[in-house]
Amino acid sequence: MCCDSKRRFLLLYATQKGQAKAIAEEIWQQAGAHGLEADMHCISEMDKYNLETEKDPVVIVISTTGTGDPPDTARKFVKKIQDKTLPPDHFAHLQYGLLGLGDSEYMFFCNGGRTVDRRLQELGAQHFYDTGLADDCVGLELVVDPWIDGLWLALKEALQLQKEKEGMNNAVDAVSSSLSTALHAVHELKLSSEVQNLKLEDEGARTSDVLSQKLNDINLVAPARDTEPSLVRSVPPVSQSALNIPALPPEYIDVEFQDTQGENPHLSSLISEGATFEVPVTKAVQLTREDAIKTALLLELDIANTAFEYQPGDAFCVICPNNDSEVEELLHILGLSEKGDDFVCVKVKEGTKKKGASRPQHIPERSTLKFILTWCLEIRAIPKKAFLRALVECTSDAGEKRRLQELCSRQGASDYTHFIRDCNVCLLDLLHAFPSCKPSLSLLIEHLPKLQARSYSVSSSNLYQPGRLCFLFNVVEFPAGPSRPASRKGVCTGWLAELVAPLLHPSRNSLDTKGESSSIEKISIFPRPNNAFHLPADPSVPFIMVGPGTGISPFIGFLQHRQKLREQHTDWEFGETWLFFGCRHQDRDYLFKQVHYLTSILCFLENGTLTHLKVCFSRDSSTAEVAGPKYVQDVLRLCAKEVARVLVEERGYFYVCGDKKHMADDVSDAVVDILSMEMEADKLEAMKILAMLREEKRYLQDVWS
């Protein structure tokens, strides 16, 4: 399987959106320079590897999706190793190192990797290298890069120990001579999501996987007056440093233009998640006033003639295109404005050095160029460092080339985070900032990720509105800034807002007859069921809903469903229901206050479906001597006794929906304070109670960052 001159290790990746695969490919690429060979496979390809008999070290790169789940590609693997009949020494022969990817904005950080890591340990597997947990919230590379740097020494030690066990003492001289000094550094490497504790030091020029870029190799021109760094300009020490930049990723895609005509693939062919449904948008209502800070739209879809099923609390995905004007702009910069409607054939480049190269699954073999840029590639994606490295080779201006090298280098890590990652810079922004950069179409296909469908919470009940599905969203706005020449709307929300513009009648306060139009637009959707965020199975159990802003969306479905059950089952006992809602201004963005006489939260309150409504307004000025609560967590604290009663005495449910960073964590802290105060327990004990509620699926979150 491997050359005699190289030592083999098994490299497995489990990816949801391509990040883990890209990192695994980087490891595979660097392995050769270290005298090693990676046998790389997707973890789902269980017919191509066998951990039960694997003797060589195993490296696993695994992401996390949903609410802490392993990626879809790892489900079969996880199910297999979770078999409770497996003995505790099942993997006693196995040596492995694991790199988990996650986002600390979400509660179950890196849980996909942690789940696999914990289970392998339970089955007797041994670490040959410390587990790394990389945080996409602050930049995966801050953990990924040093983890990969330390991997090679750990692998060589593991392979040497393996040889010794087999009685093979003729270890490679280069490995053994470096072990005594290097092992201490490996074992001292403590990797975690606390990236501020990492010191990323310049380790000097590496072999073929890192190029040492000397300052005098290029003519760097920097105006003397510019003392502040920016996307296009660096300052000392970065501007005066020799740079460690990544190896150039191998090219592996060829694009051929064809004279023939035809039809583009159906959108359903781009989705691997299951059945898709093309459904009409029948109604649209703007729930916010024109002077509100954010524009909230409520859309209704007709699913009557489909097999689409959902429960209140579920989510679904919308297949959306990139913005037309941005696609045209990109075609213009690429010099392909006249070829947008031409058909292209995408194939693997002959003789490529990329291992296991294949055409990306989200790219059709044959379609128009505009179809690929509109429906297949995430052109708004933040460019990875490997992409920046490839763009260096497409840039003719020496100063621009140097700056791109800095941004993808170890020395420029802080600049990359500040000027690209934190500013949500995309490919178009880079091409405007570095006008001499002229990438090929094949390079874009190689490096831009798949255009992901966007997920939304269902805001209706099929029991209450048969054949209808409603959802709510804010139209996302990205203002212009130093790194972005013009403002932009969200990819999907901007498209939806433009699509339903004809439906938005000047009188926007009703879903009854207004908001309808004879021109019916259709969108493609597919279900994304939520396994936990549902109403209690027992209707007599009380529950609390916390949903400020558009976080109220699933709770409208909850209340609609509960109202219909009350009408159909007058003899049932129903528990009390609490809704904590917050917005900025009572008269501008109080969502669902008076949408329709059937979907107004005030109507739910009047007919008894909703027993308690607590509302707060964070930006309204108060004339009272004592200002009222501004945020939902403040209102929760004012209702401490009732909250504790529902959760502890009556074993009720607690639902939170909305922004993770600015709300959900604060709500969680408030619940801990409430439990501590009302149960006369210390904070640690209260945190344990909250953890128990989560474990029992009685404290549930549907949050986003």
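1. Start with F592. This residue sits in the loop between β21 (577–583) and α15 (601–606). Is F592 buried or exposed? F592 counts as buried, at 2% relative accessibility. Keep in mind throughout that this is a predicted model.

2. Look for N424 in the loop between α10 (413–421) and α11 (427–433). N424 is partly exposed, with a relative accessible area of 37%. F592, by contrast, is buried. Why flag such residues? Because most residues other than glycine have a negative phi.

3. Next, a peptide bond to check. The bond from P236 to P237 is cis. Its omega is near 5 degrees. P237 lies in the loop between β7 and β8 (243–246). As a rule, most peptide bonds are trans.

4. Now the overall picture. The protein has 705 residues, and 53% of them are buried. It holds 19 helices and 24 strands. Its accessible surface comes to about 32700 Å². Carbon and sulfur atoms account for 48% of that surface.

5. Consider how the chain meets itself.

6. How confident is the prediction? The average pLDDT is 87. A score of at least 70 is reached by 87% of the residues. Among the elements, strand β20 (residues 543–546) has the highest mean pLDDT, 98. Strand β7 (residues 210–213) has the lowest, 41.

7. Two stretches call for caution. Over residues 168–225, pLDDT stays under 50. The model still has 88 contacts beyond four places in sequence for this stretch. Over residues 506–510, the pLDDT is also below 50. That stretch has eight contacts beyond near neighbours in sequence. Where pLDDT is low, the predicted coordinates should not be read in detail.

8. Look at one helix pair. Helix α6 (residues 324–333) packs with helix α7 (residues 369–376). At what angle do they pack? The angle is about 130 degrees, and the axes are 10 Å apart. That makes α6 oblique to α7. The crossing is right-handed. From α6, the residues involved are V327, E328, L330 and L331. They meet L369, K370, L373 and T374 in α7.

9. Follow the chain past α7 to E378. This residue is in the loop between α7 and α8 (385–392). E378 is buried, with a relative accessible area of 8%. What does E378 touch, beyond residues up to four places away in sequence? The list is L448, P449, K450, L451, Q452, R454 and V491. V491 is also one of the buried residues of α13.

10. Eight of its nine residues are buried, so the helix is mostly covered. The buried ones are V491, C492, T493, G494, W495, L496, A497 and L499.

11. T65 is another buried loop residue. Its loop runs between β3 (58–62) and α2 (75–81). The relative accessible area of T65 is 16%. T65 counts as buried because the cut-off is under 20%. Leaving out residues up to four places away in sequence, T65 touches Q16, P70 and P71.

12. Finish with C616, a strand residue. C616 is in β22 (residues 612–617). C616 is buried, with a relative accessible area of 3%. C616 and K630 are 14 residues apart in sequence. In space, their C-alpha atoms are 5.6 Å apart. Leaving aside neighbours within four places in sequence, C616 contacts F581, G582 and C583, among others. Its contacts also include P629, K630, Y631, V632 and V635.

Notes. Residues numbered from 1 in each chain as written. Predicted model: local features only at pLDDT ≥ 70, side-chain atom pairs only at ≥ 80, totals over all residues. Heavy atoms only, no water. Helix = DSSP H or I, 4+ residues; strand = E, 2+ residues; numbered from the N terminus. Buried < 20%, exposed > 50% of the residue type's maximum accessible area, 1.4 Å probe, protein only. Areas by Shrake-Rupley, 256 points an atom, 1.4 Å probe, with all protein chains shown as cover. pLDDT = per-residue confidence, 0-100. Contact = heavy atoms within 4.5 Å. Axes fitted to C-alpha atoms, helices over the stretch in contact; angles between N-to-C directions. Parallel < 35°, antiparallel > 145°, perpendicular 65-115°, else oblique. Left-handed = near helix turned anticlockwise from the far one by under 90°.
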